[in-house]
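Reader: Please take a close look at one helix packing in this structure. Then set that part in its wider surroundings, giving the cut-offs as you go.

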Amino acid sequence: MSSTVNADRRTQLESLWEHDAIKIIAVISAIYIVYALIGLILGYSLDGIVNTLRRMTYLIAVYGMVTLALNLHWGYTGLFNIGVAGFMAIGLYVTMILAKPADPGGAAQYAGLGLPMPIAIIGGVVAAGLAGLVVALPALRLRADYFAITTIAFAEIVRLGVTSDALQQFTILGAELGTGGGRGLIRNYDDPMNVIFQLEIFSSFVDLTNSLFGFGPTQARALAYSIVLVIVLAGIYWLIQRTSRSPFGRVLKAIREDEEAAQSLGKDTNMFKIKVFVLGCALMGLAGILWRFRRTGVTPEAFRPHVTFYIWIALIIGGAGSNTGSILGSGLFVAVLFEGPQYLRRVIDQLVAIGDAPNTFAGAVAPLLSANPVPLVRYTFAEFLTLQFVIMGVALILLMQRRPDGLLGHREETAAAIPLGVRPSAAGGGSGGGGGSGSGGGFTHGQTRDQHDDSDQRTDGGIDADAADAQTDSLQSDISDSSDTNGTSKTSDTTAQSDDSATDGETL
Amino acid sequence: MSTVDDVVTRGRSLSTEQFLLIAVGIGVVLLVGDLVLGVLDGSYSISRIGRYVTEGVLYGLIMGLAGIGLSMTYSILNFANFAHGDTITAGAFIGWGGTYLIAGWGAASLGHLALVGPQRGVGGPQLGISITSTPVAIFAGLLLAGVGTALFAVLIDRLAYKPMRGAGGIPLLITSIGVAFALRYLITFVYSSQSRGTTASVPSADLLLVDGYVSLDAHDGTLIAAAVVLMLGVHLMLQRTKLGKAMRAMSDNKDLALVTGIPTERVIRWTWMIGGGLAGSAGYLMVLWTGTIDWQFGWLLLLLIFAAVILGGIGSIYGAIVGGLVIGISMHMSMIWLPGGDFTTITAFLMMILVLLIRPSGLFGGKTTA
């Protein structure tokens with residue numbers, strides 16, 4: 001018995017591993033290889049290539065964090081947030097204001113509160129979360145499209161607010177603070193990564209990178225920073241993965257699919273939505289902070305609605321509802337759409353000599369009349385960075401038309417507590433399946449309310465409901481399942497739990 | 001048990017709305033009171049308020065005109081079209097290309113004129129473009145903006161939205177964000193990202209208003225006249241023609257319209273044409289009024305237009321017009337209390353959010369296009 005369970009576990013673990021880690025590793029290594037080749041073509045030295053890869057890692061990590069947070073909103077709960085940039089801005093601005101020294105050195109800079117960095121980061125994250133609460137409390141009652149308009153309006157209010165001269169410098173409770181207006185804030189506090197950089201062990205890291213890639217100390221620091229970001233990304237991934245697999249996460253998915261059904265099962269859906277919105281916004285704030293807190297400064301321009309748009313493309317590429325997809329989506333977005341065109345342009349520039357481009361579109365098109373496409377090609381090449389945004393827009397349109405589910409966004413949520421495809425031959429499999437699918441059938445066939453009042457504690461098994469039925473009504477039972485399999489079936493605890501995790505494996 | 005719960009939640013949410021309503025009511029009363037007192041004791045001059053109102057009305061007319069199209073696509077096709085702002089920009093460029101060609105024929109190369117002077121060189125002020133000196137070019141440009149954008153909107157529908165006609169409002173909304181992005185940067189690609197002046201100065205009249213002057217110039221007048229004519233045209237079209245009736249039927253109940261034998265696909269095409277045409281005209285008039293054109297003014301206008309449409313109630317063209325005027329006037333009036341002009345847009349967005357919270361169906365209750 002125990003050996004079969006162990007074997008089962010191993011296959012399950014293997015399939016899980018195949019689902020998530022392999023995909024991420026494969027895609028990211030493909031990106032690395034392609035960019036290493038690009039570096040070779042461009043004639044970069046080893047440190048140049050490694051630096052390119054480091055930059056990719058940095059971007060993927062940051063976009064990945066925000067995409068994961070957005071996945072929590074849209075992918076899991078169906079909250080249509082298009083104000084992502086606003087929450088990131090709040091996180092970063094609050095952190096910078098808190099961390100900037102209270103005694104401004106130069107005449108042109110604004111004072112902060114001079115708090116230590118960890119407290120400033122916590123402050124920024126909390127502020128972003130609170131902003132989420134302020135938006136969520138009233139706005140969650142709205143329809144999805146109105147909610148979207150509200151969130152983007154909020155993000156614009158934030159951006160215009162920090163741009164405004166009126167808030168350039170202000171006083172709260174006797175402390176002089178400022179957002180810097182349109183010119184933004186300059187980072188005049190110590191490098192926030194100094195906690196790590198000043199460690200004894202870091203000097204050996206510098207030496208190591210120096211001997212491996214020929215990195216100088218600055219590059220070594222940047223590399224360490226990117227590694228830290230990847231670790232944070234892994235942490236957020238773990239957090240959201242855990243959240244989405246918990247009973248809490250099941251309720252979120254239920255809200256996404258059918259809020260009224262979730263309500264009828266006794267879930268206070270508003271409370272869930274508020275919690276998850278605040279959590280996601282706090283994570284967006286954290287990502288905003290980590291994105292730019294090491295740079296020399298920040299301007300409101302960094303938080304134009306573009307940022308939100310990028311995150312949405314990444315999410316849709318990966319597939320809403322899948323955390324692994326969110327990371328893959330960010331990787332592909334950064335590699336193909338965000339950085340790709342620029343590197344492609346450099347490579348073409350390296351390989352082919354492209355002459356001077358005409359000044360205007362007219363100058364490029366007019367020679368077409370005499371069948372001369374060269375000026376148009378040159379113009380296109382010169383304006384490639386503009387065209388990059390057109391490509392992004394077209395990519396989004398095509399994705400929505402052809403593949404709205406993205407790479408991994410299959411939303412088939414299996415209700416049964418055991419895999420429906422292959423029945424485990426081990427004892428107890430049959431009865432466990434009966435309990436799980438029964439709860440699904442029981443719900444839709446609308447048995448009396450009394451039986452469902454406490455449905456998250458106990459479900460009565462409608463044994464004759466078949467597996468197909470269960471699959472369609474997956475979610476309803478999914479919310480109420482976690483413990484009920486144990487209650488109704490005669491299986492041992494271990495089997496029920498491993499069954500449960502198998503379901504989750506399919507879910508994602 | 002759950003019935004009681006239901007009643008309790010309903011009661012609670014009602015009271016939130018009522019609380020908000022009361023708060024907004026108190027705010028409005030305070031502001032109006034302050035305004036009246038300020039006017040009486042002379043701290044706010046009447047002519048200054050007059051100037052704000054005039055500016056607000058002009059701005060509001062543009063938003064109302066552009067908002068009609070947004071409102072129509074929202075109610076008939078059932079999605080919030082985030083590409084509407086960039087359709088406005090596209091229309092302005094198309095129309096002004098025509099105006100430049102007619103007014104400046106021979107003064108510069110054709111390409112330079114058709115692209116609205118993308119690089120340094122001859123521009124609108126040098127060509128002396130204005131309603132008084134080159135009225136034909138202006139009217140032709142306005143017509144071109146309307147017709148050109150109407151066709152352009154149909155083309156976009158064909159390429160982007162038609163393949164996903166059955167999809168819900170949210171996928172279409174996301175697609176429209178992609179369209180907006182592609183369109184905006186396509187405009188930059190073709191017309192360059194330079195911001196440029198388009199008109200020469202025109203004679204203006206200073207109207208005496210108690211303690212000062214409110215000045216109106218010929219372009220302000222053109223804007224008012226053109227906007228009123230276009231709005232009247234849409235009104236007549238919706239009320240008097242069969243197409244209008246079909247549109248109203250579709251926005252009321254799509255399935256019923258389909259059952260009645262209304263050719264929905266044709267109605268959708270006309271919706272895009274009328275909405276796009278009005279957006280293009282609004283963009284053209286906006287550029288005539290402000291005297292400058294750049295690649296993202298439509299996008300920056302979009303959320304304000306949303307504010308106007310939501311305030312008036314989605315689906316109602318009269319709501320869009322009134323909403324535009326209210327938003328326009330409030331934005332400018334806000335400068336009485338929040339000086340510097342930094343907060344006008346914020347005021348409009350906050351008003352929109354408040355309307356969504358208190359009365360999501362808007363002033364005119366949405367629903368009908370009648």
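Author: Helix 12 of chain A and helix 13 of chain A cross in a right-handed sense. Here a crossing is right-handed if the near helix is turned clockwise from the far one by less than a right angle, and left-handed if anticlockwise. Helices (H or I, at least four residues) and strands (E, at least two) are DSSP runs, numbered from the N terminus. This is a predicted model, in which local features need pLDDT of at least 70 and side-chain atom pairs count only at pLDDT 80 or more, while totals for chains, interfaces and linings use all residues. Residues are numbered from 1 along each chain as its sequence is written, and chains are lettered from A and ligands numbered from 1 in the order in which they are written.

Helix 12 of chain A covers residues 305-318 and helix 13 of chain A residues 323-338; their axes come within 7 Å and cross at roughly 120°. Axes are lines fitted to C-alpha atoms, for helices over the stretch in contact, and angles run from 0 to 180 degrees between N-to-C directions. The two helices are therefore oblique to each other, given that angles under 35 degrees count as roughly parallel, over 145 as roughly antiparallel, 65 to 115 as roughly perpendicular and the rest as oblique. Helix 12 of chain A contributes residues including Tyr310(A), Ile313(A) and Ile317(A), and helix 13 of chain A contributes, among others, Gly325(A), Leu328(A) and Phe333(A). Two residues are in contact if their C-beta atoms, placed from the backbone, lie within 7 Å. By class the contact has 10 nonpolar, 5 polar and no charged residues; Ala, Val, Leu, Ile, Met, Phe, Trp, Tyr, Cys and Pro count as nonpolar, Asp, Glu, Lys and Arg as charged, and the others, Gly among them, as polar.

Helix 12 of chain A also packs on helix 3 of chain A (residues 84-99), at an angle of about 115° and with axes 7 Å apart. That crossing is right-handed. Val84(A), Ala85(A) and Met88(A) of helix 3 meet Pro305(A), Val307(A), Thr308(A) and Ile311(A) of helix 12. This contact divides into 6 nonpolar, 1 polar and no charged residues.

Val94(A) lies in helix 3 of chain A. Val94(A) is buried, with 23 other C-beta atoms within 10 Å; a residue is buried if 20 or more other C-beta atoms lie within 10 Å of its own, exposed if 12 or fewer, and partly exposed in between, with C-beta atoms placed from the backbone. Beyond its neighbours within four places in sequence, Val94(A) is in contact with Gly123(A), Gly124(A) and Ala127(A). The C-alpha atom of Val94(A) is 9.0 Å from that of Ile289(A), 195 residues away along the chain.

As for the whole chain, chain A has 23 helices and 4 strands, and buried residues make up 45% of its 508 residues. Of the contacts in chain A between residues at least 6 apart in sequence, 75% join residues at least 24 apart.

Chain A also touches chain B, through 40 residues of chain A and 41 residues of chain B. On the side of chain B, helix 7 gives the largest share, 16 residues.
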